[in-house]
Structures are given as structure tokens and as C-alpha cells.
Amino acid sequence: MAFFKISCFNIPSPLLMFPVKEENKVCLFSLTNKREYELKVDLEKLQNWRFVGSSHGWLVILNEKADPILLNIFSGICHQLPGKETFPHIDSMHEVENGVFEIHYKSWNYSVSHSSENLRQLSVVKAVLSSDPSCDANCTVIVMYYVLGTSKLAFCRLGDSRWTGFGGEIQSYYDVACKDNVLYALGGGPSIEVWDFHESTPTRKIVIQAPCPQELKDAGQIYPSDLYSSQWYLVFSSCEMFLVVRYIGEFVRNDGEVVYEGDTLTNYFIFPYRTVKFHVYKLDFDQKIWLPVESLNDRALFLGGNHSVSLSVKEHPGCKANSIYFTDDYWDRMDEHDSYGGHDMGIFKLGDGRIEQLFDCDLQKFELPPFWIVPN
């Protein structure tokens, strides 16, 4: 894996990893010094991979066969993680021809066939690390994976041969975040399961259940499901916990209005999907309620397929305060067309609700979706 490495270690974070298709290269862009750094990697090879996690400066990747690996692009160190056939919901898997696998799921009494490309899209939703593998030999990799339209949880330690499933009463998980070897798993409600990973077997400590904020209850009227989809994120900021809700217009005119597919009664250009709004809530641990957040003060949030993080702009000059930096993680639609996908990224200003573009990328197809990397 030495071909995927960058020679400079002292790059100020946070970093945006993105492809430059015209030049067949992958770059890291530092928000701090506004410089680009080229990765020593073959972009064409990466187009057959899928990035499913960025945590503690490490990447979790599904390779061309859809097997997960853990990679540090700064050092070139790579860990092979347990294979795709060892996920808890799979009974057996065999490669019947090059890149095509016959799979028997435990919950079904028949087999199905999937290509490697389909498996990359249908297996892991998101991956995070409990700690930095460079400093902790007991680091745990936690993944959200698809099972019959729901997201379940599994983990492995470095060196394990199989993925181990775990979970509580939450039927489908929306996001996961780790802090000090403790996992916080977000589900509907919203509710949060807290799992302790200090021991060999994770132990569920508590379940945090707080009433759904009224603003979130009313969101269905403002953002109806036939026009919008939404993503939920869990973010830690020092001793605070944030719930961030992202609203994505399925079809958006270039003046910002969300419309129905096939709306021809307009002279405006229509984009396939685009983020239009964020709402932020903070958990009051004492009263067990979610409070609307009007300002992040000197913090900036970084959301997408990465382990969600909150950074102080005082410690990271070049970042904008009271802002949400986001990349495209709409996996269900990202690969539906050759002319777009990976394009939905920008900077949301919580103060006035404006969105600034990170790049001029309208309807640009990113074969490798941009990802935030925040090394420790």
C-alpha cells in the first residue's frame, strides 16, 4: 500500500481530500494555509474503491473487491481488516467469477449474487475509530452496515479475523461517534446508546432518551419527504453534544428553490440534489432535552462521510467561525448518474443560513467523493 502516501507530515489540518480528474491526481487542501498537497496515488485505481470513514487521520476504505482496509495516508501504514464475508448478517460468500460474489444471508433461505461494485455500495455505511491506532494498540474499528434497508453495528480490533455484531433496541442507526473509547450511537427519536469499549467486549452503559425538539417535529411540514431527504449527525464539542440535521433538496433550481423532478414550468437550471439547510441542537444532560443552537461561537463543524468533528477556529486559523463545513454523503444517489455525485459540499453559515461553495463544482462528478481528514 506504499503507493498511497504523502511525503509531507506537517500539513496543517483540517484537510479536504479531493480528486483532480483532468490531471489524474488526488490532492489534500489545507483550510489553514490554503495550499494543495498531492498524494502519490493512481486516481484510476481509486475509482474502484470506496471511502467509508475518516477518523483520527486514518481512512477506512473498501477496496476493489469490497474488502475493508484501514490506511494512514501520511505514513503509508495499512491494516487489513476482517473480510466482507465475516459481517454478522452473512452466512457464506463465494466468488463465482471475477468480481461477482454469491452470498447467502442468515435471514434469507436463498442466495443472491452481487458484483464488487454493488457490494461497495450496499455494505458499509460509515466507519469510525475508537482511538488513534498510532497510539493505541487496542484501537477498535466500528462500522454501520446495511441489513435489509436498516443500519446495524459491528466492530473489530486490529488483528481480528471477523466482525462482531452488537446493538441495543435501536432498529436502525443514523450516526456513530467515539470519544475516549466510548461509542455514542444515534437512532430515531432521537435516542442515543452509549457503549463502553475499554474492555474486550463492548458494554452498553446507558440509553439517552430526550424528547424530540418541537422544531424537529415540525420539520416534516417545512421539508416534506417528497421534496427533501435528511441526514442526522452526532458531534462532540469539548463537553457538549450536538445533534445536527441536514436537509437536502432532491431537485433544486439554481435560485435555491426546491422543486419536483420533471418540473418544466421554469427557465431555471435544475440540480439533481443539493443541501439547503442545517438545524443544530445541543443536549442538556441535566434536563435531558435538546435545545436549539443559534450560534456555534468560535467553533466550526466538519460533517460528511468522516467522523464528525468540532474545531476551534482560534486553534485552526483559516476556518470560519459559526459554520458547518460539509461534503457529499448522499450514498443512495451519488452513483445514479455519470454527470453528478460527490458534488454536494460547501460551508453553511449558521448565523444567516447562507451557503458558500468550497469549489465551483456544479454538476461535477467526483469519482472519489471529497472527504474531510483531521489528523490528531
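Modeller: One term before we start: two residues are in contact when they have heavy atoms within 4.5 Å of each other. Also, this is a predicted model.

Colleague: Fine. Which residues is Ser 151 in contact with, leaving aside its neighbours within four places in sequence?

Modeller: Val 125, Met 144, Tyr 145, Tyr 146, Gln 171, Ser 172 and Tyr 173. Ser 151 itself is found in strand 13.

Colleague: Buried or exposed, that Ser 151?

Modeller: Ser 151 counts as buried because its relative accessibility is 8%, and the cut-off for buried is under 20%.

Colleague: How about confidence? What pLDDT does the protein chain average?

Modeller: The average is 89, and 93% of the residues score at least 70. Going by elements, helix 1 (residues 43–46) has the lowest mean pLDDT, 70, while strand 27 (residues 323–326) has the highest, 98.

Colleague: Let's talk core. How many residues are in the largest nonpolar core?

Modeller: It has 26 residues. Those with the most contacts inside it are Leu 70, Leu 81, Phe 87, Ile 103, Val 141, Val 143 and Trp 163.

Colleague: And which strands supply at least two residues of this core?

Modeller: Strand 5 (58–62), strand 8 (90–97), strand 9 (100–105), strand 11 (124–129), strand 12 (140–147) and strand 13 (150–157) each do. Strand 12 gives the most, with 4 residues.

Colleague: What is Val 143 in contact with, beyond its neighbours within four places in sequence?

Modeller: The list is Phe 87, Val 124, Lys 126, Ala 127, Lys 152, Leu 153, Ala 154 and Trp 163. Phe 87 and Trp 163 are also among the core residues with the most contacts.

Colleague: Back to strand 8 and strand 9. How many bridges join them?

Modeller: There are 6, and the two strands run antiparallel. Within that pair, Glu 95 stands opposite Phe 101 in strand 9. The two strands form a hairpin with 2 residues between them, and Gly 99 in the turn has a positive phi of about 80 degrees.

Colleague: Where is Ala 66 placed?

Modeller: Ala 66 sits in the loop between strand 5 and strand 6 (68–71). With a relative accessible area of 3%, Ala 66 is buried.

Colleague: And where is the place of Leu 148?

Modeller: Leu 148 is in the loop between strand 12 and strand 13. Leu 148 counts as exposed because its relative accessibility is 58%, where exposed needs over 50%.

Colleague: Which peptide bond is cis?

Modeller: The one from Gly 189 to Pro 190, with omega near 0 degrees. Pro 190 is found in the loop between strand 16 (182–187) and strand 17 (191–196).

Colleague: Switching to Ser 130. What does its side chain make a polar contact with?

Modeller: The side chain of Asn 181, at 3.2 Å. Ser 130 lies in the loop between strand 11 and strand 12, and Ser 130 is buried, with a relative accessible area of 4%. Leaving aside its neighbours within four places in sequence, Ser 130 is in contact with His 56, Cys 139, Thr 140, Ile 142, Cys 178 and Asn 181.

Colleague: Over how many bridges do strand 1 and strand 2 pair?

Modeller: Strand 1 (residues 15–20) and strand 2 (residues 25–30) pair over 6 bridges, in the antiparallel sense. Val 20 stands opposite Lys 25 in strand 2.

Colleague: And what order do the 5 strands of the open, mixed sheet take?

Modeller: That one goes 26-25-27-28-29. The edge strands are strand 26 (309–312) and strand 29 (355–356). Strand 25 (residues 299–303) runs antiparallel to strand 26, joined by 4 bridges, and Arg 299 stands opposite Ser 312 in strand 26.

Conventions:
Residues numbered from 1 in each chain as written. Heavy atoms only, no water. Core = buried A, V, L, I, M, F, W, Y, C linked by side-chain atoms within 4.5 Å. Buried < 20%, exposed > 50% of the residue type's maximum accessible area, 1.4 Å probe, protein only. Pairing = 2+ DSSP bridges. pLDDT = per-residue confidence, 0-100. Polar contact = N/O pair within 3.5 Å; in protein donor to acceptor, adjacent residues only side chain to side chain.
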